[in-house]
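Let's take a walk through this fold, looking at how its pieces pack against each other. Have your viewer open and follow along.

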Amino acid sequence: MNRVCEILNIKYPIIQGGMAWVATSELAAAVSNAGGLGIIAAGNAPAEVVKEEIAKIKTMTDKPYGVNVMLLSPFVDEVMEVIYSEKVPVITTGAGNPSKYIDKLKEIGTKIIPVVPSVALAKRMEKYGVDAIIAEGTEAGGHIGELTTMVLVPQVVDSVSIPVIAAGGIADARGVVASFALGAQGVQMGTRFVCSTECIAHENYKMAIVGAKDRDAIVAGRATGHPVRCLKNKLMKEMLQLEKEGASLEEMDKKGIGRLRIAVREGEVVEGSVMSGQIAGMVSDIKPCEQIIEEIIKDTQRVIAGLKIL
Ligand code: FMN
């Protein structure tokens, strides 16, 4: 049996990425019900909000689900208390060091899967005793590292003995087969699941992804060391201009504050931050999570059968 499915107690090794403002209990429940692992994103939300989302998902699915914890959130300690008390089956973590929470999480049986952009961080996380690693390439939407999925995944696979889940640039069976060829035992997808029927993101947000072409997801913030990938729009042009003028991280952050929320929740895709991966160019429809997952699973056999290398 696939190790990721075994560890997480799920049918298919397909994980829906935690996405601030986007990945609510509605999306997570739909993915979990379809046999993958749905994830609620805690982002910078206060603990009460995370608790409500967990209460909601428990009414929508009896399958395993996860919570994505932003370790730099001002509410992280309170959010972790909720995770403990609700015995959340899985957490994925971004931006920071989860080590101080690991003993307690293990005690209650929560699986811990950090998202990493480098071999060094993957190795450090394995030492802390995490259950698996998500290796996320720079193709991904949102906050990113530098290495591509193609380059990062096999190097992480070679460096750790826990299962590796590939993320960044995956939206169909070809991406899944490629990830497994690189040594991954699971995939995490973000952008593809934004364009699902169950995702609560505003229609304008979904349509911006559907309408995007191969080079439309660009990066701002490289100069400050905090790069973010979003679809090209007025806000991104202004961000890049600020960066060119040598703006500090604080200035860039100030400009970006609240922009993801207005894009996702209000459909403000001109002034808002339309976080999306490069794979947006290939996402051309909005469909139920079950269909997204079933089509991928069905197609993998065809893709594998079509491989003629010699
Ligand atoms: N990753 C996190 O760990 N925490 C987040 O809050 C988060 N927010 C995101 C918001 C959006 C709108 C998107 C598109 C991605 C976000 N990500 C976040 C990254 C995803 O969890 C996932 O790893 C990534 O989207 C995978 O790449 P893909 O978009 O090419 O599928």
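This is a predicted model: local features need pLDDT of at least 70, side-chain atom pairs count only at pLDDT 80 or more; totals for chains, interfaces and linings use all residues.

Start with helix 2 (residues 25-33) and helix 3 (residues 47-60). Their axes sit 9 Å apart and meet at an angle of about 35°, and the crossing is right-handed. On the helix 2 side the contact uses Ser25, Ala28 and Ala29, while helix 3 brings in Glu53, Lys56, Ile57 and Met60. Sorted by class, that contact comes to 4 nonpolar, 1 polar and 2 charged residues.

Now stay on helix 3 and look at its packing with helix 4 (residues 76-86): here the angle is about 25° and the axes are 8 Å apart. Because the cut-off for roughly parallel is under 35 degrees, helix 3 counts as roughly parallel to helix 4. This crossing, too, is right-handed. Helix 3 contributes Ala47, Val50, Lys51 and Ile54, and helix 4 answers with Glu78, Val79, Glu81, Val82 and Glu86.

Three strands make an open, antiparallel sheet in the order 7-11-10, with strand 7 (142-143) and strand 10 (217-220) at the edges, each pairing on one side only. Strand 10 joins strand 11 (residues 228-231) through 4 bridges; Ala220, for instance, has Val228 of strand 11 as its bridge partner. Helix 11 (residues 234-244) packs on this sheet, touching strand 10 and strand 11, and its direction makes about 35° with that of strand 10.

Terms used
Residues are numbered from 1 along each chain as its sequence is written. Two strands pair if DSSP finds at least two bridges between them. Helices (H or I, at least four residues) and strands (E, at least two) are DSSP runs, numbered from the N terminus. Two residues are in contact if their C-beta atoms, placed from the backbone, lie within 7 Å. Axes are lines fitted to C-alpha atoms, for helices over the stretch in contact, and angles run from 0 to 180 degrees between N-to-C directions. A crossing is left-handed if the near helix is turned anticlockwise from the far one by less than a right angle, and right-handed if clockwise. Ala, Val, Leu, Ile, Met, Phe, Trp, Tyr, Cys and Pro count as nonpolar, Asp, Glu, Lys and Arg as charged, and the others, Gly among them, as polar. Angles under 35 degrees count as roughly parallel, over 145 as roughly antiparallel, 65 to 115 as roughly perpendicular and the rest as oblique.
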